[in-house]
Amino acid sequence: MSDFLTQILIEIIDPAVRGTLSLLRSASLPSASTIKRVVLTGSTNAIRTVTTSGVFDESSWSDAPALVEEATRNGTLSAVSPDVVYSASKALAEKAAWEFWENEKGKEGGVGWDLAVLTPPFIYGVCISPAYRALSLTH
């Protein structure tokens, strides 16, 4: 595995999936038994496709994970747009959330809550990152 691919997996895709699953596991603990619904803030990047356009619904998924996987097989991952990698991370994290919920909802001691994912196209507001704010003042 190339250093570039390793960096993408370690810094972008794996944290998105692991972080989402960690949140859901925490919401599934006995001490969290009063939770009725978990609402994740997703992204339209998880559902819109890179190669096609049209109307998207709950059955729509981004083709970014497949594009990243294909580029990995072909050794061309470094040519993949950062937007595609980001979209892949969002799609894989949301898919992992739905898979977790589907697998756990009917089990004895499984989740007792509903899952909802909001997919806003943009999130507006003040950036809380000090580094970003400092950079925006100089450019």
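In this predicted model, the axes of helix H2 (residues 64–74) and helix H3 (residues 82–104) come within 7 Å and cross at roughly 120 degrees. Axes are lines fitted to C-alpha atoms over the stretch in contact, with angles running from 0 to 180 degrees between N-to-C directions. Helices (H or I, at least four residues) and strands (E, at least two) are DSSP runs, numbered from the N terminus.

Residues are numbered from 1 along each chain. Local features need pLDDT of at least 70, and side-chain atom pairs count only at pLDDT 80 or more, whereas totals for chains, interfaces and linings use all residues; side-chain values use heavy atoms, without hydrogens and water.

On the H2 side, Ala64, Pro65, Leu67 and Val68 meet Val84, Val85, Ser87, Ala88, Ala91 and Leu92 of H3 (contact: heavy atoms within 4.5 Å). By class, this contact has nine nonpolar residues, one polar and no charged.

The largest nonpolar core has 13 residues. Such a core joins buried residues (under 20% relative accessible area, 1.4 Å probe, protein chains only) through side-chain atoms within 4.5 Å. Leu24, Val38, Leu40, Phe100, Trp113 and Leu115 have the most contacts inside the core. Helix H1 (3–27), strand E1 (37–41), H3 and strand E2 (114–118) each give two or more residues. The largest share, four residues, comes from H3. Phe100 touches Leu21, Leu24, Arg25, Ser28, Val111 and Trp113, not counting residues up to four places away in sequence. A second, separate core of eight residues includes Ala71, Leu77, Val84 and Ala88.

Note on methods:
Nonpolar A, V, L, I, M, F, W, Y, C, P; charged D, E, K, R; others polar. Buried < 20%, exposed > 50% of the residue type's maximum accessible area, 1.4 Å probe, protein only.
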